[in-house]
Amino acid sequence: MSTPPEIIYNFSHTRSDPRAGKPIEPTRQDIEWLFTVLYDTYGPRNWWPTVHGGAFELVIGAILVQNIAWSNTERALINLRNADVWSFRAILETPDDQMHLLIRPSGYYKAKTRKLKEFATFIVERHEGELDSLFALPIEEMRDQLLSVWGIGEETADDIILYGAKKPSFVIDAYTKRLIERMGWEIRGKSYSAYQQLFHNSLPHDVQLFNEYHALIDHHVARICKKKPACDKCAFATQCPVGLGIIQP
């Protein structure tokens, strides 16, 4: 796998006043600054992690990783591959009790078995078993189809669009919301679409940029901006209301 080229944009290196007395709406400059600091601190993440590569694994991984760590998802993927359950038709032909055993490491294995089978049915019936047919659709149409499948929510749909179809749809997760909130920024309505529009309206619609930005946020929050943040190790310490002691995490 070739290494993606370095991301270079003329992005802002400053943010709005971190000492504001109340939450403020973030600007384009703020969103650019956040990426700049993350990228300068950690460098490229080169996501998505896969065991054997390929769109099939990525899509199945996006479903299995819901509410669980990637390491657990990886174990389930290895089980599926070793059992030769490595196509959408194979998923449909595998009895539920066997699927439960194979994907047990990913947690919620009964619900995720149904999710995998619902998605496999969708691909087989509407796209003749081929992800390329789904990925060829315009983003909005692809997203609408994905959201029509039982068990596929907005985050999973955007994971599939960004990392599988390689089309620019910014992924919003709990880590993204936590970081935005701790920066002292307020998103009107606080809906998934409101958070997503913040990034869509502030950044070039570039697949590599969206990929790296989401990966950098997850990398930072998982290691530093945890439920109990490690502000003494944080690159944002002097530019973050939590690090400055202005707001409580």
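**Cavity and charged side chains**

Modeller: The largest cavity has a volume of about 90 Å³. A cavity is a set of points, on a 1 Å grid over the protein atoms alone, where a 1.4 Å probe fits but cannot get out; points are joined across faces, edges and corners, and the volume is the space filled by probe spheres set on them. The model is predicted: local features need pLDDT of at least 70, side-chain atom pairs count only at pLDDT 80 or more, and totals for chains, interfaces and linings use all residues. Residues are numbered from 1 along each chain as its sequence is written, and side-chain values use heavy atoms, leaving out hydrogens and water.

Biologist: Which residues that line the largest cavity are the closest to its centre?

Modeller: A lining residue has an atom within 4 Å of a cavity point. There are 14 such residues around the largest cavity, and the closest to its centre are C225, P229, C231, C234 and C240.

Biologist: Is D158 buried or exposed?

Modeller: Buried means under 20% relative accessible area, exposed over 50%, and partly exposed in between, with a 1.4 Å probe and protein chains only. The relative accessible area of D158 is 0%, so D158 is buried.

Biologist: Which side chain of opposite charge is nearest to D173?

Modeller: D173 lies in the loop between α9 (154–164) and α10 (174–182). Lys and Arg count as positive and Asp and Glu as negative, while His and the chain ends are not counted. D173 is buried yet has no salt bridge; the nearest side chain of opposite charge, 8.4 Å away, is K177.

Biologist: What is the length of the polar contact that joins the side chains of D173 and H214?

Modeller: A polar contact is a pair of N or O atoms within 3.5 Å; within protein, one must be able to donate a hydrogen and the other to accept it, and residues adjacent in sequence count only if both atoms are side-chain atoms. The side chain of D173 has such a contact with T176 at 2.8 Å. The contact between the side chains of D173 and H214 is 3.0 Å.

Terms used: Helix = DSSP H or I, 4+ residues; strand = E, 2+ residues; numbered from the N terminus. Salt bridge = Lys/Arg side-chain N within 4 Å of Asp/Glu carboxyl O. 1 Å grid on protein atoms, 1.4 Å probe; cavity = no way out; pocket = protein on both sides within 12 Å on 5 of 7 lines; lining within 4 Å.
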